[in-house]
Amino acid sequence: MAQETAKHNFEISDITQKIIANIDSGVLVLDDELNIHSFNKWLELHTSLKEEKVLNKKINDLFNNINVKILTRKIKTALKIQTPTYYTSNTSKYLIPIQNNQIGTSKYSFMQQDVSIIPLCDVKKLVALIITNKTNMANTHALLKENIVVVEKLHNEVIKEREIIDRRVLLVKINKELIITDASKAYLKLSNYTKDQLLGKSFFSFKKYNFSKKLKEEIIHHIKTQSLFKFEYKTIIKNAEELWFKVTLVPEYDINDKHIGFLLFKNNITASKELQTHQEQVILNSRFTAMEEMINMIAHQWRQPLSQMSSIFINIKLKKDLGTLDAQYLDNAHNDIYNTIQYLSTLIDDFRGYFNEDEYITEVAFHNIFEKSKIFIQSNQKIDKITYIQNIDKDLKISTYKNKLIHVIVNIFKNSIDAFKDKKIKNKKITINATKENNYILIHIIDNAGGIKKDIIKKVFEPYFSTKSKNRTGLGLYMSKKIVQENLNGTISVTSNNENTDLLIKLPLQL
Amino acid sequence: MRYLVTDDSKLARMTLIKSLTKFVDNSQIMQATNGNEAIDIVDKYKPDIVFLDLTMPEMDGYEAIPKILKSNPKTKIVVVSADIQTKAKEMAISLGAKLHVQKPINSQTMQEILELLE
Amino acid sequence: MNLEKITFNDDEKDVLQELINIAYGNATAIVADILDAFASLSVPIIEVMTINELLFKFNNFKHSSYFFSTQAFIGDFSGECAFFINEESANNLAKHLDIDNVADLDDAILELTNILTSSLTMRLAQEMHTEVTYSLPNISKIPLSELSNSKTLQYYSQVIVIDTKLNFKEQHIDGQIFILTKDGSMQWLKKQLNIILKSLI
């Protein structure tokens with residue numbers, strides 16, 4: 001019986017030993033002073049050390065990477081609490097250095113290990129260390145971690161971007177049923193609505209939008225065709241403030257390209273709308289002023305021919321009363337009156353042309369433009385005693401908006417005339433030089449009215465800038481610059497010394 | 001002889017009383033659930049032996065030991081605690097407790113305690 | 001999954017509290033011995049709560065930087081122990097153990113968790129006349145931000161949360177331990193607590 005038990009015990013320990021030898025884990029027995037008492041085949045194979053060579057040697061002498069203090073603490077703890085203690089690969093990496101021989105991409109040159117320290121014998125202070133290979137796991141873990149870092153970075157960027165959009169971009173989202181599903185913080189702030197007040201509401205039923213019937217139809221058309229659409233509309237926000245929005249309607253798709261609704265990017269254009277309105281007003285005002293001046297000029301221009309005609313009529317009456325009226329006289333009188341009427345008619349045409357908006361590009365001789373421009377300032381010419389000098393080639397022609405160019409030159413002339421008014425200058429002169437340079441015409445208009453001071457020369461093209469008398473609008477040069485740049489596709493600049501001011505207009509020969 | 005069992009846990013008191021009644025009569029045993037109550041009972045009834053837990057609400061064992069002894073210097077205090085840290089034992093003894101015993105107490109331990117205190 | 005909420009009456013709570021107290025006293029003594037320090041013991045707080053309530057409680061830890069480690073225990077009484085230790089305490093622990101690198105500190109925290117968990121639950125099991133074992137891979141350091149995604153937490157519908165403080169005043173090391181048990185274990189626990197109660201009457 002005793003023999004049988006002994007045999008049974010032997011078999012068990014034999015089995016256990018076989019298992020320990022062949023198990024795919026490192027198994028070794030240590031005492032609390034780190035002496036090796038057992039070293040299994042797995043360890044032999046992985047470390048190329050034979051058990052008989054390592055028995056009774058200190059493990060830290062064989063592997064000097066081992067932190068003695070920590071290992072001792074773990075062994076003592078395991079013995080004390082009579083439950084296992086551990087090393088885990090995700091914090092400790094490995095206990096026994098085993099080079100990775102596996103072909104393939106590994107992040108680790110050494111095998112990553114989990115180690116359980118199991119209390120065996122409290123008296124002999126023995127523990128078993130079971131070492132398992134966790135390299136694959138650690139690899140996966142490291143790869144995952146790297147990817148998480150990348151994903152997190154991207155995620156944070158997206159979040160940041162979204163926050164910026166939310167804070168800066170006026171955005172309203174609607175679904176296919178045209179129900180408002182989201183609105184950016186920026187939009188809520190501007191419109192003074194809370195999310196609750198907007199979300200779930202139908203885009204069109206939201207009456208504050210105030211779309212015209214035509215606009216509404218257009219929007220619906222683009223929503224139906226899922227096409228991009230830009231429009232402007234005026235709305236009244238919560239505190240009765242009026243706002244102008246420029247809206248871009250963009251169809252929105254999910255990641256599977258399924259149409260899910262629309263994004264409405266809004267642009268608050270209230271300020272530019274106000275500016276536009278203001279500018280329109282400014283231009284209108286300047287046109288009124290100009291018109292007033294024109295009427296004065298027409299009156300002036302008409303006075304002489306009218307009195308001429310009047311005297312002809314008086315003479316006819318006189319001759320009839322005296323009985324001296326003959327056919328010859330009548331014929332002459334008729335011719336005179338006819339010519340005068342023709343002159344008056346041309347004058348009217350010229351003035352009307354000055355205001356004609358729907359002008360065509362025409363080819364004209366530039367000296368003609370100069371002559372026409374002079375008509376508009378004739379009244380001043382005589383009073384102010386200004387000499388006009390022109391150096392213009394008779395053959396120099398330009399294709400442009402004739403009346404607009406006249407308008408510009410008249411404005412510049414007037415500006416010079418005004419400059420003369422404030423100063424006592426003998427031999428007042430306005431010189432106009434026009435030359436051809438490549439495909440451009442360079443027009444210099446030079447006056448000797450004493451120049452413009454350096455500190456204000458930059459401002460002469462600004463609206464309402466005037467160094468002159470208070471009743472002038474100060475818009476002449478501003479309007480001129482606007483016309484030259486926007487309509488005539490040219491440039492205008494000014495240079496000055498303390499005698500002369502030289503305005504240079506550069507225009508394309510062919511507009 | 002009078003005995004006082006002080007513990008905030010009913011289970012702890014019941015466990016202790018169960019082993020104590022093997023040796024003394026139930027009528028000799030009083031109960032308190034914290035240090036304050038224990039001092040009141042010591043003031044009134046001057047028990048000979050006080051079993052005292054350390055971790056209790058309102059007034060813990062460390063605070064109660066000198067107060068109990070001040071009220072009745074003859075009282076023998078037995079600390080019965082889950083706190084078996086060496087320093088906890090030393091503190092209890094230095095404050096004046098006769099013994100420090102680990103919870104829970106079975107009859108055998110109780111017998112040893114009573115013999116030691118005789 | 002048993003969706004009926006298990007509750008503990010005062011007596012049951014008292015028994016559990018006292019058993020935890022004993023087990024915790026044991027665990028603390030071991031840790032104190034290893035750290036060569038003295039811990040002040042506090043009364044454990046026992047609550048039954050839903051996972052959402054628990055996550056809300058854990059959420060409080062997010063305000064400062066915390067290490068969070070867990071270890072599972074298996075047996076009649078099975079569940080998970082969670083240990084929280086804030087960065088300051090962890091650094092003090094490192095100082096106390098002469099640790100000067102992060103990996104070793106992580107290792108020390110996991111070791112502390114292991115000691116606390118195993119000695120606490122082993123003694124608790126012992127008091128309830130059963131046994132528990134521990135499995136190695138369940139000890140890990142989880143970032144708090146990923147806590148609500150934790151698969152293990154989703155195994156629970158309701159948990160008994162036993163909240164105890166580890167407090168080494170002199171070393172300024174304090175932590176918080178939560179023993180979380182699964183639904184089936186709660187039934188078993190309730191039964192076991194009543195057996196203990198009956199044996200005393």
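# Reading loops, a helix and an interface

Reader: Where is Pro104(B) found?

Author: Pro104(B) sits in the loop between strand S5 (99-102) and helix H5 (107-117) of chain B. Keep in mind that this is a predicted model.

Reader: Which residues does the cis peptide bond join, and what is omega?

Author: The cis bond joins Lys103(B) and Pro104(B), with omega at about -15°.

Reader: Is Glu58(B) buried or exposed?

Author: Apply the cut-off: exposed means over 50% relative accessible area. Glu58(B) has 67% relative accessibility, so it counts as exposed.

Reader: What is phi of Asp36(C)?

Author: Phi is near 55° there, a positive value in a residue other than glycine. Asp36(C) belongs to the loop between H1 and strand S1 (45-50) of chain C. Its relative accessibility is 66%, so Asp36(C) counts as exposed.

Reader: Now a helix. Which residues of helix H2 (residues 35-45) of chain B are buried?

Author: The buried set is Gly35(B), Ala38(B), Ile39(B), Ile41(B) and Val42(B). They span an arc of only 165° around the axis, so they lie on the same side of H2(B).

Reader: What do the buried residues of H2(B) pack against?

Author: Their partners are four elements of chain B: strand S1 (3-6), strand S2 (29-32), strand S3 (49-52) and helix H3 (61-71).

Reader: Then the helix ends. Which residue caps the N-terminal end of H2(B)?

Author: Asn34(B) does. One of its side-chain oxygens lies 2.9 Å from the backbone nitrogen of Asn36(B). Past the helix, H2(B) is followed by Lys46(B), with a positive phi near 40°.

Reader: On to chain C. How many helices and strands does chain C have?

Author: Chain C has five helices and seven strands. Read from the N terminus, the order is α-β-α-β-β-α-α-β-β-β-β-α.

Reader: What share of the 201 residues of chain C count as buried?

Author: The share is 61% of the 201 residues. Now look at contacts in chain C with a separation of 6 or more: residues 24 or more positions apart account for 76% of them. As for surface, chain C exposes about 8,500 Å², and carbon and sulfur atoms supply 49% of that.

Reader: Finally, the interface. How many residues does the contact take from chain C and from chain B?

Author: Chain C gives 26 residues and chain B gives 21. Together the two chains bury about 1,900 Å², with 61% of it on carbon and sulfur atoms. On the chain C side, Glu18(C), Phe38(C) and Leu200(C) supply 35% of the area buried against chain B, more than any other three residues.

Reader: How many salt bridges are there between chain C and chain B?

Author: The count is three. One salt bridge pairs Asp11(C) with Lys10(B), whose closest N and O atoms are 2.8 Å apart. Across the interface there are also eight residue pairs in polar contact.

Reader: Which helices of chain C each supply at least two residues of the side that touches chain B?

Author: Helix H1 (10-35), helix H4 (102-127) and helix H5 (183-200) of chain C do. H1(C) provides the largest share of that side, twelve residues.

Technical notes:
Residues numbered from 1 in each chain as written. Chains lettered and ligands numbered in written order. Predicted model: local features only at pLDDT ≥ 70, side-chain atom pairs only at ≥ 80, totals over all residues. Heavy atoms only, no water. Buried < 20%, exposed > 50% of the residue type's maximum accessible area, 1.4 Å probe, protein only. Arc of directions from axis to C-beta. Contact = heavy atoms within 4.5 Å. Polar contact = N/O pair within 3.5 Å; in protein donor to acceptor, adjacent residues only side chain to side chain. Areas by Shrake-Rupley, 256 points an atom, 1.4 Å probe, with all protein chains shown as cover. Buried area = accessible area lost by both parts, 1.4 Å probe. Salt bridge = Lys/Arg side-chain N within 4 Å of Asp/Glu carboxyl O.
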